[in-house]
Each structure stands twice: as structure tokens, then as C-alpha cells.
Amino acid sequence: MEQPIFTTRAHVFQIDPTTKKNWVPASKQAVTVSYFNDSTRNSYRIISVDGSKVIINSTITPNMNFTKTSQKFGQWADSRANTVFGLGFASEQQLSKFAEKFLEVKEAAKLAREKSQEKMETSSDQSQESGRDTPTGNQASSINGTDDEKISHVPENTVLMSENDRLKSVAEQSKKLETELQALKDSNARLTDTLQEANSNAESWKSKVTQSQDENNQLRNKIAELEDQCKEVNLERERNAQLTLRIQELEADLQEKEQELEDLRKQAETIPQLMTKCESITAKLQAAETANRDLSEKMTLLQSEIDDSQQKQKNIKSDLKKFMDVLDGKIDELHEVRQGISKLGVDN
């Protein structure tokens, strides 16, 4: 009975049978991929089911190889199914665990095949030895049979018939073993041919894998170029957005200028009136300037008269001061005269 020994999840792919280059998705999403062990047959299989559809049923043989083609993708060729399976994992760790389990199961299958071959060789040797030993035993039994005949009085024909039956059964077993041995040889030859074909397929797949890796590298370079172009496109979009904003600002400025120009046009309609007012104001200004000049001349005359008057006032003040000084002296003299008259009156 088969039992699961390891389970993981991955996206399943198969090689395109026509081109033998491109991968064809076998599942629309990540599905369960399991290793199964049949303890009775000592066989190992990788099985994956998507809903009710079996998408992987690959018996592992010692000549199979699991190859990592990228950090998250691996593949192996199945010559019996005449296809190549590919698994895409979510992480590099899951891929590494699956590859390690593949090597482990491959070694177990190899040991199981070796044990099976040893058992086949042992059974073949035992059958050949039993075939060689049977005549001697018959001779010994026939001789012993004559001795026993003398003792137990058993008829000789009965002993010969029993020995003949034993020889027939041994011959039939030998023929069966020879048939099985020939079948095993034929199977071994077919397995050898299959192994050689698998090796040649492996070489071709290696070259195809190398070619696909080159194509992947070219695609990666192309993707990098496209990403650079996308960055340039994004920069151009940003520049276009900035230019659009600048155009909108210029349009707003243009509308303001047009409004100002319209205002200036309306103001230009009032220019003749303003010119008339300006001429009248200019005439008034000229008259005012003439009057201002007349007033300036009058102010000059008045200023000179004021200066003369101030000078006269200064002269009058100086004369008045002199007069006051003389008057003070006369008052003092008069006072002295009064005092002298007073003294004289007293004396009289």
C-alpha cells in the first residue's frame, strides 16, 4: 500500500510535446505535489492531482535527475511518460527541500533495485545448483533403494517412478526459472536501452535547458530594458504633468493679461477727455506759474523792504538806547538837584 512521505505545493508545468522547448502550465494555480512509497513493491512515485485530474504520475528510477534551473524552478525528465515535468515554487527553500527529497528517494529506489537483482541472482543460482545435484541424489537413492529393497522388500519400479516424478518436477522448475531468467535478461536489456535513451534524452534536455537559460537571460535583459524604458516613460509623464501645470498657469496669466488689456482699452477710450482736462490743467498750471513768478518778485521786494525796515529798527533801537542812557543821566542829575534843593530848604 502506498503512503505519502513528503508533501509540498508548487505550480506544475510540462514541456510542450511539439516544440520540446516551451513550458505548458498543467495547473492554473499551486497544487499539492507528494512523494509516495509502495513498501510492497519498493517503488517510489511523485503524484499530483488538480481537482479530479492527475497531472503528475512519475515513477522515480535511479537514472532520473532533478535539475534546478533557477532559484524557484526545477525539472526532471520521465522517459516512461515521455515528457519533462517542471515545478515552480514560492521560495528557494521549498525548492531545496524538494530536490533533497528527490535525491533521497532516488537512492532508496537504487538500493531497492540492487536488492531485487541480488534476490533474482540468488534464486537463479539455487535453481542451477538443485538441477546439478539431482542426478547424484537419484543415483544415491537408487543405490540405497536396492539396499532398502533387500531390507524392506519394496518393488524397484515404485522407487524408479517416484524418482522419475521428482526429476520431472525439478526439470519443470528449472524450465520455469530459465524462462524467468530470460525474461529478466530481456527486461534488463530493455532497462539498459531505456537508460541509454534516458541518458541521451538527458543530454538533449541539458542542451535545451542551457538554451532555455540563455533565452531566460535574454528575456531578463529585455525585461530590464523595458523597466528602464518604463522609468523613462514615467519621467516623461512627470515632465508632461509639470508642463501641463505650467501651461495652465500661463493660460491663467494670459487671461489676467487679457483682462488688463481690456481694462486698458476701456481706459484708452477716456484718453481724449483726459487730454482735454490735461490741457486745461496745463493752462491753469502755466497761469499759476506766471502768478507764482509775480508773487516771487513781490516776495523779493517785500523781503528787501523787510530787511530795510529791520535795519531801520536796529538803528532806532540803538538811538533810543542812547537817548535812554542820556535820559537816565539827566534824571540822575535832576534827582541830585532835588536833593540839593531839599537840603537848602531844610537849612533855611
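Residues are numbered from 1 along each chain as its sequence is written, and side-chain values use heavy atoms, with hydrogens and water left out. Because the model is predicted, local features need pLDDT of at least 70 and side-chain atom pairs count only at pLDDT 80 or more, whereas totals for chains, interfaces and linings use all residues.

**Strands**

Helices (H or I, at least four residues) and strands (E, at least two) are DSSP runs, numbered from the N terminus. Strand E3 (residues 31-38) has six of its eight residues buried, so E3 is largely enclosed by the rest of the structure; buried means under 20% relative accessible area, exposed means over 50%, and partly exposed lies in between (1.4 Å probe, protein chains only). Two strands pair if DSSP finds at least two bridges between them. E3 pairs in the antiparallel sense with strand E1 (residues 2-15) over eight bridges, and Ser 34 in E3 is the bridge partner of Thr 7. E3 also pairs in the antiparallel sense with strand E4 (residues 43-50), here over six bridges, with Val 33 standing opposite Ser 48 in E4. The hairpin of E3 and E4 has four residues between the strands, and Asn 42 in this hairpin takes a positive phi near 55°.

**Aromatic contacts**

A pair of aromatic rings is described by the distance of the centres and the angle of the planes. Rings of Phe, Tyr and Trp (its six-membered ring) pair if their centres lie within 6.5 Å, and planes under 30 degrees apart count as stacked, over 60 as edge-to-face and the rest as tilted. The structure holds 11 aromatic pairs. In the pair of Trp 23 and Phe 73, the ring centres are 5.3 Å apart and the planes stand at 65°, so the pair is edge-to-face. Trp 23 lies in strand E2 (residues 23-25) and Phe 73 in strand E7 (residues 73-78), so this pair ties together parts that are 50 residues apart in sequence. Trp 23 is partly exposed, with a relative accessible area of 29%, whereas Phe 73 counts as buried at 15%. One aromatic cluster is formed by Phe 6, Tyr 35, Phe 66, Trp 76, Phe 85, Phe 89, Phe 98 and Phe 102.

**A loop residue**

Asn 63 lies in the loop between strand E5 (53-59) and strand E6 (66-68), and counts as partly exposed at 23% relative accessibility. The side chain of Asn 63 makes a polar contact with the side chain of Thr 61 at 2.4 Å; such a contact is a pair of N or O atoms within 3.5 Å, where within protein one must be able to donate a hydrogen and the other to accept it, and residues adjacent in sequence count only if both atoms are side-chain atoms. The C-alpha atoms of Asn 63 and Glu 107 are separated by 9.9 Å, the two residues being 44 residues apart along the chain.

**Salt bridges**

A search of the whole structure finds five salt bridges, each being a side-chain nitrogen of Lys or Arg within 4 Å of a carboxyl oxygen of Asp or Glu. The table gives three of them.

| Salt bridge | N to O distance |
|---|---|
| Glu 104 and Lys 101 | 3.4 Å |
| Arg 239 and Glu 236 | 2.9 Å |
| Glu 262 and Arg 265 | 3.9 Å |

Glu 104 and Lys 101 both lie in helix H1 (residues 92-152), three residues apart, about one turn of the helix. Glu 104 is partly exposed at 48% relative accessible area, while Lys 101 is buried at 15%. Arg 239 and Glu 236 are three residues apart in helix H2 (residues 156-269), and are therefore separated by about one helical turn.
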